[in-house]
Every structure is written in C-alpha cells, then in structure tokens.
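Reader: I am new to protein models. Could you show me how to read one, feature by feature?

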Amino acid sequence: MTTSDSGHATPEVRWQARRIRIGDSDFPYYHGIDCADRVLDELATMDADLFVVVTDDTVLGLHGGRLLTGLRELAPVEVLSHPPGESMKTLTVLSECLRRALAAGATRRSVVIGLGGGVPGNLAGVVAALMFRGVRLVHIPTTTTAAMDSVLSLKQAINSDIGKNHIGTYLAPHAVFTDVAMLATLPERELRSGLCEAAKNCLAIWPRALPTLRKVLAEGTLATPESLLWLLEESIAAKSRVTVDDTREQRGGLVLEYGHTVGHAVELADHRLRGAEGVSHGEAIAFGMLVAATISLARGWLSPADAEVHHEVVAALGAPVRLPEGVSIDDVLAVVRDDNKRGYLALAPDSLAFVLLRDLGSPAGDPQLPLVPVTLEEVRAALVAVQTRVLEPTGAAR
C-alpha cells in the first residue's frame, strides 16, 4: 500500500486486496475508495445462480440502488430487508429469511451477501451457514463497525431472549468488499460507533497505532476517506495478529472482547429501555473499555497515564463517558451476569470473566486465555468511578 510519511494512505490508492487468515481459513479482503464498480466485477466471477441480499431498510435506501442494479445484470436477486436494529437478530427473523431464500430458489451455487453493519452481517452469516450446511457468504460492510471489526471474524450469531450472540456458528466469508467512500458519508453516530471498535484494537492489541490515532483525533480528520483507509488497514493488522492461530476466537483472540463485558450489558439495558434509539454497539464498547481500564488501574496493573489515554480517546471520539440516561448501575449489573464469556474460567458466583490490561497492548492473564476473574463489587466500584469522574471538554471525531 502506498503511504505518506505520516503513515496515512495516499488519495491515489483506490483498490487493494489483502488475504485474511484465521486459523485454517483465509479469504480476500478488498478495500479502496470509490470502488463500487470493482466490487461488482469481483461478484461477477462467482457464477452465482442467485444473490440473497440480507440488509436493513435504512442501508437498502442509501446503498441498495446501485448495487442491486448491478447484481441483477449478473443473476436473480432476493432482497431480505428488515427495520434496522437488534430486532433483526432473532430466531423469528432468521426463520423467515431462510424460508424466503429457499422459496426464491436458493441452491448450493447461491451467494448470500450481508450488506450493512454488524447486525445484517451477522444475520447473513447465520443464513449462509445454515442453507445446505453452508453456501458462499460475502460481506459488503457499510459501517465502520462492520468494516473494521465484525467482518474480520468467522463468528456468525443472532441473539437469544436472554442475551446477545447466544445462538450461532462459525463460517468464513468467501470475500469482503469495503468501499471507504461509503463509510465517510455515514451519520456521525454510526461513524463514531465503528471508530470506537477500531480504537479498542489500538488500546488492547496494537498500541503502535495510538500516536497517529491521537493525532488525527486532535486534528479532526479521522472522518476523511484517506484516514479511514489508514485506520481500516491498522484494524486489519491488529485483529489478524490475534486471530491468525485462533479460528474460534476462544483463546488469544478473546482479547477482542476488551470492553465487551460491561459494554454488551450497557447496550442491552439501554436497548430494552429505548429500542433502536439506544446507545450503539461501538459506543457501548467504548464505555466498557473505560470500566475495564478503571478496574485495571484499581488493581495497580494499568498506569494512571494509560488509563488517561483511554479517557482521552473515548472522549475525543464523542462516545459516552457516562451511562445512558435512565440506565442505572444496578441495571447493568443485572444484565452483565449473562455475559457470553461464561464457561471459560471456573468462577465464584459473584465473579465474571474480564479482559483487563497490564499495559497498553498487553492483556492480563494467560496469553492463550487472556481472561481474569473480576468480582461484581469491583465492577460496581468501577462503574461508580466512571460515573463520577470529571472530564475536561475534548473535541469529537467530526
């Protein structure tokens, strides 16, 4: 990749491919700027008899026109679109998607395309995995969260009535295509959500990217296509580092769960209160990182300076540094007990498995199982500390 002296991708870079290896699986990740035609060229080589496009109504309105027109020149298309939000990731919606895809004539030659953010991407992954025990899956992420995090995984899951991502499987995508120009036009909240996940990778795995990240945050240029392309490359490098030998993200790859224990609980508690208007996934994870950093600091593991970097980055991204209005600490603690990392460690009844840091980029615990027990009282104390912290005003990402 052509880069400037600052490490940013230069504007003339429009299309590039990188092989992503996760355990025994590998797939191409194509990315660039204004590359929609190149995406259609690659899809044409797949000789599909049907394209099953799983998306949400918002993404369909924004990006569906050009893609669907191009796809219909290649093969029949079945569009499975639903109102956006976590309500898509249910057994009811999954069953309806499978019924419609099969009724439309899906075969083993068909291709399922996940178009949108992490929610339609996960639903598409489960649909592809279940039809005929696995058909080709293609991701076309349209959010920073999906492009920089969720598509860099074999994990495909939907929610149960109890919690997030309890029902799922593993399936490698056939290919991923990201046009960074789509990301640069995202509403501020959606852009920020994915940038929070990318910041997680920098803090927990890839601290070498932090100086540039802090610089572009301070300059307010992180939303430009060139900066987003740089951050996408850094996110790919970070996530590939911990999943290359961990297909299921159940060993060293668990570091990717940094911020997720409390983050998922906050996300679920807020969505139960406010539905789609609730805090986004990335924003919730950013808040969860503040709680995790506070616990690490209280244990004497993370230095005050490194804990402060967490607050600086999260605040500069414009992510919440307090619990959403109406969500209490008790609400979070009630939900956090059902965290999906249960079972990795033998825990006391009042404890949870957490990813904590001893240093930026250095998780605590065994490198092959970077989880440590944390008591609910420690979580409560950290939530109180984050809630009562006084922050100086900081510039947001845009």
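This is a predicted model: local features need pLDDT of at least 70, side-chain atom pairs count only at pLDDT 80 or more; totals for chains, interfaces and linings use all residues.

Reader: How many strands form the open sheet, and in what order?

Author: In general, strands of a sheet pair through backbone hydrogen bonds, either parallel or antiparallel. Helices (H or I, at least four residues) and strands (E, at least two) are DSSP runs numbered from the N terminus, and two strands pair if DSSP finds at least two bridges between them. Here seven strands make an open sheet, ordered β1-β2-β9-β6-β5-β3-β4, with mixed pairing. At the edges are β1 (15–22) and β4 (77–82), each pairing on one side only. From one strand to the next, the twist averages 20°; for such angles, axes are lines fitted to C-alpha atoms, for helices over the stretch in contact, and angles run from 0 to 180 degrees between N-to-C directions.

Reader: Which helices pack on the sheet?

Author: Contact means heavy atoms within 4.5 Å. Helix α1 (residues 36–44) packs there, touching β1, β2 (25–32), β3 (51–56), β5 (111–116), β6 and β9, and its direction makes about 165° with that of β9. Helix α3 (residues 91–103) packs on the sheet too, touching β3 and β4, at about 165° to the direction of β4.

Reader: In what sense do β1 and β2 pair?

Author: They are antiparallel, over eight bridges. On to the next pairing: β2 and β9 run parallel and are joined by four bridges, with G32 partnered by D179 in β9. Strand β6 (residues 136–141) also runs parallel to β9 (residues 175–179), through two bridges, and H139 stands opposite V176.

Reader: Is β2 mostly covered or uncovered?

Author: Buried means under 20% relative accessible area, exposed over 50%, and partly exposed in between (1.4 Å probe, protein chains only). Six of the eight residues of β2 are buried, so defined. Helix α7 (residues 188–204) is mostly covered as well, with 14 of its 17 residues buried.

Reader: At what angle do α7 and α9 cross?

Author: The axes of α7 and helix α9 (residues 225–243) come within 9 Å and cross at roughly 45°. That makes α7 oblique to α9, given that angles under 35 degrees count as roughly parallel, over 145 as roughly antiparallel, 65 to 115 as roughly perpendicular and the rest as oblique. L191, L195, A198 and N201 of α7 make the contact with L228, L231, S235 and A238 of α9.

Reader: How are α10 and α13 packed?

Author: Helix α10 (residues 260–274) and helix α13 (residues 329–336) pack at about 115°, with axes 8 Å apart. They are therefore roughly perpendicular to each other. Among the residues of α10 that meet α13 are T261 and V262.

Reader: Where is T294, and is it buried or exposed?

Author: T294 lies in helix α11 (residues 281–298). T294 is buried, because its relative accessible area is 16%. Not counting residues up to four places away in sequence, T294 touches A382, A385 and V386.

Definitions and conventions
Residues are numbered from 1 along each chain as its sequence is written. Side-chain values use heavy atoms; hydrogens and water are left out.
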